[in-house]
Amino acid sequence: MSLLETLAEQESRLLFRSFTNEDALALGVFLLDAARAEGLPVVVSVRRGQQRLFHAALPGTSADNDGWIDRKSRVVDRYGWSSFRVGESFRAAGKTFEEHSLLDPREYAAHGGVFPVLVEGVGMVGTVGVSGLPQAEDHAFVVTQLEKFLASR
């Protein structure tokens, strides 16, 4: 399976039955606890629509990580795919997101770490993400924690 196929498969599989403010808070705390347990220097963000429902920054992060979360979240909002999948789709086509998306790179970043919050029968309702690690690690952390969180529900 190619990386793009794997990324698409993750999105088809990691679905919520519903997504409330309480779910967002629980998910944010779940990711925060996992990041603390692993000693990861990340910012964690969970949003529904344009509303930020959870945001936390662990030691080793800076305001730059907040900016990265915002830029990656805008990519997910626009494309409906994980920020890593969007960037990889451009790379697989031999293009760069920054040049070929025609979007301002100061506002949009197609780097791994933000994943769509997808509700069965509804579609995308928000985003969940981290920033602070290399992009593939940011993405893998979010996916792993989403798998665990959804399995516990």
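Reader: Hi! Phenylalanine 30 first: buried, exposed or partly exposed?

Author: Phenylalanine 30 is partly exposed, with a relative accessible area of 27%. That value comes from a predicted model. The label follows because buried means under 20% and exposed over 50%.

Reader: And how many aromatic pairs turn up in the whole structure?

Author: A search of the whole structure gives six aromatic pairs. One of them joins phenylalanine 30 and phenylalanine 149 edge-to-face, at 5.4 Å centre to centre and with 70 degrees between the planes.

Reader: Where do those two sit in the chain?

Author: Phenylalanine 30 is in helix α2 (residues 21-38) and phenylalanine 149 is in helix α6. They are 119 residues apart, so the pair links distant parts of the chain. Phenylalanine 149 is buried, with a relative accessible area of 3%.

Reader: Nice. Which residues do ring pairs link into a cluster?

Author: That cluster consists of Phe16, Phe19, Phe30 and Phe149.

Reader: What about phenylalanine 90 and phenylalanine 97?

Author: Phenylalanine 90 and phenylalanine 97 also form an edge-to-face pair, 5.3 Å centre to centre, with 85 degrees between the planes. Both residues are buried.

Reader: Switching to helices: at what angle do α3 and α4 pack?

Author: Helix α3 (residues 63-79) and helix α4 (residues 83-92) pack at about 75 degrees, and their axes are 8 Å apart. Angles of 65 to 115 degrees count as roughly perpendicular, so that is the term for α3 and α4.

Reader: Which residues make the contact?

Author: From α3 come Lys72, Val75, Val76 and Tyr79, while α4 brings Ser83, Val86 and Phe90. By type, the residues of this contact are five nonpolar, one polar and one charged.

Reader: Last one: is leucine 146 buried or exposed?

Author: Leucine 146 is buried, at 1% relative accessibility. This leucine belongs to helix α6 (residues 135-151).

Reader: What does leucine 146 touch, leaving out residues up to four places away in sequence?

Author: Leucine 146 touches Leu14, Phe16, Leu27, Phe115 and Val128.

How values were computed: Residues numbered from 1 in each chain as written. Predicted model: local features only at pLDDT ≥ 70, side-chain atom pairs only at ≥ 80, totals over all residues. Heavy atoms only, no water. Helix = DSSP H or I, 4+ residues; strand = E, 2+ residues; numbered from the N terminus. Buried < 20%, exposed > 50% of the residue type's maximum accessible area, 1.4 Å probe, protein only. Contact = heavy atoms within 4.5 Å. Phe/Tyr/Trp six-rings, centres within 6.5 Å; stacked < 30°, edge-to-face > 60°. Axes fitted to C-alpha atoms, helices over the stretch in contact; angles between N-to-C directions. Parallel < 35°, antiparallel > 145°, perpendicular 65-115°, else oblique. Nonpolar A, V, L, I, M, F, W, Y, C, P; charged D, E, K, R; others polar.
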